[in-house]
Amino acid sequence: MRQYRFGINADIYENRPEEEFLPCIKAAGFDEVFSLYPSTERVRELAEHFARHGLDYACIHAPWDGINHLWREGEAGEDIIGRLIACTESCGELGVPMTVIHLSSGEKAPPITDCGRRRLERLVETAEKCRVMLAFENQRKLANLAYVFEEYADSPYVGFCWDCGHEHCFTPGRAHMPLFGNKLVYTHIHDNFCLPDRQTPDAHLIPFDGNIDYRYVADMLDRVGFDGTLTLEVAGDSPHYADLTLEQFCARAAAAIRRLADLRADRG
């Protein structure tokens, strides 16, 4: 029987320090965590905390605020590419193998531009030098993902992060895995109620607490033979979990990701 590794975002509560959650994350049976990137100094601190609790530091999620400026001329675009490069260099320094990258935000994101292409070239060059995987995550726009995976098809440091929750609420009816599943290196697994009501927010619920069909998720992962970690990206401070303690939330999250693993096992 296949043995899976399980991961989760370290910041399961937005306004509480990650260190507070780590004993519960470990006790629930998770093997690894990922964090956001506030600064190089902060991720160094987090790396120490994760190691102390026996959790592998699998990934750093790069900044996404202002990401649309990546495609626009000007200082704001240079600022965001500078932060993406700094995050990638931090991964290399700390031995974190991967960073997740957004390429756009919102329905009215700008098109692909020459200045954006040049900036992405700098980012990919940095990743190859640092030997850090860039896992580009699906948002609302398809074209920029398609561009990156075609332009850098031969780079071993360009891959896909499939966010099944984003697909469900941001791009209903559009399946990313048949297009990009051969590049899959990381997952963001969570639930929401965004079909058919697209106004429902991207809730980051524990799997099976919304209306995503996780048989479909299991099928997509199996079709591409994904054998990496099954990683959650969930929000403990959702009103949905107001009655749960931290320990109860982590246990519920762990039970859900194991249930997804069982669905995959049932498929053979």
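This is a predicted model: local features need pLDDT of at least 70, side-chain atom pairs count only at pLDDT 80 or more; totals for chains, interfaces and linings use all residues.

Visitor: Which residues other than glycine have a positive phi?

Guide: Among them are His 204, with phi near 55°, and Phe 208, with phi near 80°. Most residues other than glycine have a negative phi. His 204 is in the loop between strand E7 (184-188) and helix H8 (214-223), and Phe 208 lies in the loop between E7 and H8 too.

Visitor: What makes His 204 buried, and what does Phe 208 count as?

Guide: Buried means under 20% relative accessible area, exposed over 50%, and partly exposed in between (1.4 Å probe, protein chains only). His 204 has a relative accessible area of 14%, so it is buried. Phe 208 has 25%, so it counts as partly exposed.

Visitor: How long is H3, and what span is expected?

Guide: H3 has 20 residues and reaches 28 Å from its first C-alpha to its last. The expected span of a helix is 1.5 Å times one less than its number of residues; for H3 that expectation is 28 Å, and the span is close to it.

Visitor: Which residues of H3 are buried, and what do they pack against?

Guide: The buried ones are Gly 77, Ile 80, Ile 81, Leu 84, Ile 85, Cys 87, Thr 88, Ser 90 and Cys 91. They pack against H2, strand E3 (56-61), strand E4 (98-101), H4 and strand E5 (133-137).

Visitor: Why are H3 and H4 called roughly parallel?

Guide: Axes are lines fitted to C-alpha atoms, for helices over the stretch in contact, and angles run from 0 to 180 degrees between N-to-C directions. Angles under 35 degrees count as roughly parallel, over 145 as roughly antiparallel, 65 to 115 as roughly perpendicular and the rest as oblique. Helix H3 (residues 75-94) and helix H4 (residues 114-130) pack at about 10°, with their axes 9 Å apart. The two helices are therefore roughly parallel to each other.

Visitor: Which residues make that contact?

Guide: Contact means heavy atoms within 4.5 Å. H3 brings residues including Gly 77, Ile 81, Leu 84 and Thr 88, and H4 brings residues including Arg 119, Leu 123 and Cys 130. By class, the contact of H3 with H4 has 6 nonpolar, 4 polar and 4 charged residues. Here Ala, Val, Leu, Ile, Met, Phe, Trp, Tyr, Cys and Pro count as nonpolar, Asp, Glu, Lys and Arg as charged, and the others, Gly among them, as polar.

Visitor: Which other residue forms a salt bridge with Arg 42?

Guide: Glu 19 does, with the closest N and O atoms 3.1 Å apart. Arg 42 has a relative accessible area of 18%, so it is buried, whereas Glu 19, at 26%, counts as partly exposed. Glu 18, Glu 19, Arg 42 and Glu 45 are linked in a network of salt bridges.

Visitor: How many salt bridges are there in the whole structure?

Guide: A search finds 18. One of the pairs is Arg 215 and Asp 213, at 3.2 Å, N to O. Arg 215 has a relative accessible area of 59%, so it is exposed, while Asp 213, at 37%, counts as partly exposed.

Visitor: How do you know that Ser 35 is buried?

Guide: Its relative accessible area is 1%, so Ser 35 is buried. Ser 35 is found in strand E2 (residues 32-36). Leaving aside neighbours within four places in sequence, Ser 35 is in contact with Val 43, Leu 46, Phe 50, Tyr 57, Cys 59, Ile 60 and His 61.

Methods. Residues are numbered from 1 along each chain as its sequence is written. Side-chain values use heavy atoms; hydrogens and water are left out. Helices (H or I, at least four residues) and strands (E, at least two) are DSSP runs, numbered from the N terminus. A salt bridge is a side-chain nitrogen of Lys or Arg within 4 Å of a carboxyl oxygen of Asp or Glu.
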